[in-house]
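Subject: Structure handover

Hello,

Here is the structure I promised to pass on. Please open it first, then read my notes below.

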Amino acid sequence: YEQALAFAESEACTHTAVQAHAAELRAAAFVDLFALGNLSPQAAVDLSLATVRQLAQRPLGADAAPLPSARVLPPRAEPTTLTMVMENAQETNSAVEVHLQLGEPDVHQEALLLTLAQVASKDAFHVLRTQRQLGYVVACGVRAVGLCKGLSVHVQSAVMGPPALEAQVEDWLSLFGTDVLSKLSQADVEVYTASIAANIEEPPRTLMQECLPLWSEIIERSYDWQHDAQLARAVRAVTLPQLLAFFRAHFAADAPQRRKLVSHAFSQAAAASQADGE
């Protein structure tokens, strides 16, 4: 985006250059068209062909329109850490995201991840925000990057820098495993799973809500039109032993399949303090 803005402000961005670029775009194209409504199948095909004829002189193969991708981190490797410093010198907040990557889950793993995130989110907010008062912004939930999913914890704080916040998140996660998750009953789990499944099965209220899950199946080339129904059934089938084993395998500090990615966002003051301490 920044490169596009810089080009738009440069002398190279002329009317002629824009026309030439438009001609290159129209020379060939790969088109996904999603038709929903009172069209017959043949009418939808005809609409697609007419759209392609208007857009491009020749088609491109699907391999020319690669899917959004994410690298699956190796398990038990050194955590990958991304670091940035805020440009605004007046910004007093720093932030951290601790992302524990699961990989590309099957429907059973996705159901376990959703259930774990539902249990963890309330406790993360209670401990990190209410009890420890690290900052106003504390969130824990599922994050998708490409086809990969994982559990992410976000904290924004003016009282600690990112490395200290990361340590706080790891400390909370350890206590969560021993003091919260391991003390659940199967009945507790079923309360969570019933709520999650009901939310998945809630009928769409707008055309946008109806279209988005279907469009996701198209752009990911999965075409699993019954994914939500399968996921709701998988969520309802989650048991406490499965949830505990899932946490211990992927998210606990000593988990054999742990994959950790951390993002540190420093305020300028926190970055200077970090440099002084090194």
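Which residue in S7 is the bridge partner of Thr81? It is Val262.

Some ground rules. This is a predicted model, in which local features need pLDDT of at least 70, side-chain atom pairs count only at pLDDT 80 or more, and totals for chains, interfaces and linings use all residues. Residues are numbered from 1 along each chain as its sequence is written, and side-chain values use heavy atoms, leaving out hydrogens and water.

The sheet

Helices (H or I, at least four residues) and strands (E, at least two) are DSSP runs, numbered from the N terminus. Two strands pair if DSSP finds at least two bridges between them. An open sheet is built from 5 strands, ordered S3-S7-S4-S6-S5, with mixed pairing. Strand S3 (80-85) and strand S5 (137-145) are at the edges; each has a single partner strand, so one side of each lacks a neighbour in the sheet. On average, neighbouring strands are turned by 15° against each other, direction ignored. S3 and strand S7 (residues 260-266) run parallel and are joined by 6 bridges.

The helices on it

Axes are lines fitted to C-alpha atoms, for helices over the stretch in contact (heavy atoms within 4.5 Å). Angles run from 0 to 180 degrees between N-to-C directions. H4 lies across strand S4 (94-103), S5 and strand S6 (148-157), at about 160° to S5. Helix H5 (residues 162-180) also packs on the sheet. H5 touches S4, S5, S6 and S7, and its direction makes about 45° with that of S4.

Asp123

Asp123 sits in helix H4 (residues 107-131). Asp123 is buried (under 20% relative accessible area; exposed is over 50%, partly exposed in between; 1.4 Å probe, protein chains only). Lys and Arg count as positive, Asp and Glu as negative; His and the chain ends are not counted. Leaving aside neighbours within four places in sequence, Asp123 contacts Trp172, Phe176 and Val180.

Cysteines

The whole structure has 0 disulfides (pairs of cysteine sulfur atoms within 2.5 Å). For Cys148, the closest cysteine sulfur is in Cys140, 18 Å away and too far for a bond. Cys148 is buried, at 2% relative accessibility. Cys13 is partly exposed, at 29%.

Best wishes

Definitions and conventions. A salt bridge is a side-chain nitrogen of Lys or Arg within 4 Å of a carboxyl oxygen of Asp or Glu.
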